[in-house]
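Trainee: I'd like a close look at one loop. Start there, then show me what surrounds it along the chain.

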Amino acid sequence: MFGINDRGVKATVRRTLTFAVLVTVLALPGSATASAPAHGPRSNATVRKDPNDSQSPLDIHHVVMNVGRHRVTLRIRTWDAFTLAELQHGDGFIAWDFDLRGNRGVDRQLQMGTVSRGGLCVLFSEADGAVGHRRAFHPDPRDLVCKLPRSWLQGTKPITFYVWSNIRPDDRKHFFTDRAPNHGGRYSGL
Ligand SMILES: [Ca+2]
Ligand SMILES: [Ca+2]
């Protein structure tokens, strides 16, 4: 369904196309009526920081996760402000690649992107395709937030993951990518 080469152009194009096809298929009636916008990270949120290390408008600054009993809130804060329109016009998205089985593969991928009606979060399973989707919130100019059922990210082994962003700004011919953590690293635990 999706490759594990997080920086490869082919993987990038494939994922982008997958996302585009999916959002075309989805009518989004449920997503548009999702719950209220996310609030700021709570005290029990895990905040991971990434340097200002890309020219991308989606240069990742904070990777924030808040795990509740029934819900997981995933938030990306960028170094610079961006709009959902810029995200859409630049084919931009932020992907979370999860290994739920502990074999260093990627068996779940969350894509945070946009469609004409606003932000969209889609969780893919390597084995089964799309698991489900929720609205993506843009509560302030640098944040993109997804709220998912906790059950969507249940693992049989300690979970590891990394995050990467991808966008082609209107005035540029190529995509910009940023990864967190850098250099093939992974975060451990939700
Ligand atoms: Ca960064
Ligand atoms: Ca980085």
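Trainee: In which loop is R104 found?

Mentor: R104 is found in the loop between β4 (93-99) and β5 (108-115). Before going further, note that this is a predicted model: local features need pLDDT of at least 70, side-chain atom pairs count only at pLDDT 80 or more, and totals for chains, interfaces and linings use all residues. Residues are numbered from 1 along each chain as its sequence is written, while chains are lettered from A and ligands numbered from 1 in the order in which they are written. Helices (H or I, at least four residues) and strands (E, at least two) are DSSP runs, numbered from the N terminus.

Now the residue itself. Phi of R104 is near 70 degrees, a positive value in a residue other than glycine. Most residues other than glycine have a negative phi, and most peptide bonds are trans. R104 counts as exposed because it has 9 C-beta neighbours inside 10 Å. The cut-offs are these: a residue is buried if 20 or more other C-beta atoms lie within 10 Å of its own, exposed if 12 or fewer, and partly exposed in between, with C-beta atoms placed from the backbone.

H183 counts as exposed because it has 5 C-beta neighbours inside 10 Å. The peptide bond from A180 to P181 is cis, with omega near -5 degrees.

G113 has its place in β5. G113 is buried, because 26 other C-beta atoms lie within 10 Å. Q88, in helix α2 (residues 84-89), is 25 residues from G113 in sequence and 7.3 Å from G113 in space, C-alpha to C-alpha. Q88 counts as partly exposed because it has 17 C-beta neighbours inside 10 Å.

In soluble globular proteins, nonpolar side chains tend to be buried together. Leaving out residues up to four places away in sequence, I94 touches L58, I76, M112, L144, V163 and S165. Two residues are in contact if their C-beta atoms, placed from the backbone, lie within 7 Å.

Follow the chain past β5. β6 and β7 form a hairpin with three residues between them. They pair in the antiparallel sense over seven bridges; strands pair if DSSP finds at least two bridges between them. Within this pair, G119 stands opposite A136 in β7. β7 and β8 form another hairpin, with five residues between them. Two bridges join these antiparallel strands, and F137 stands opposite V145 in β8.

V131 sits in β7. V131 counts as partly exposed because it has 17 C-beta neighbours inside 10 Å. V131 touches L123, F124, S125 and W152, not counting residues up to four places away in sequence. V131 and L110 are 21 residues apart in sequence and 9.6 Å apart in space, C-alpha to C-alpha.

Step back to the whole protein. It has two helices and 11 strands. Of its 190 residues, 36% count as buried.

Last, confidence. pLDDT is the predictor's confidence in each residue, from 0 to 100. The mean is 83, and 77% of residues reach 70 or more. Among the elements, helix α1 (residues 9-25) has the lowest mean pLDDT (50) and strand β8 (residues 143-149) the highest (98). Over residues 1-13 the pLDDT is below 50; beyond near neighbours in sequence, this stretch has 22 contacts in the model. Over residues 24-38 pLDDT stays under 50, and the model has 19 contacts for them beyond four places in sequence. Where pLDDT is low, the predicted coordinates should not be read in detail.
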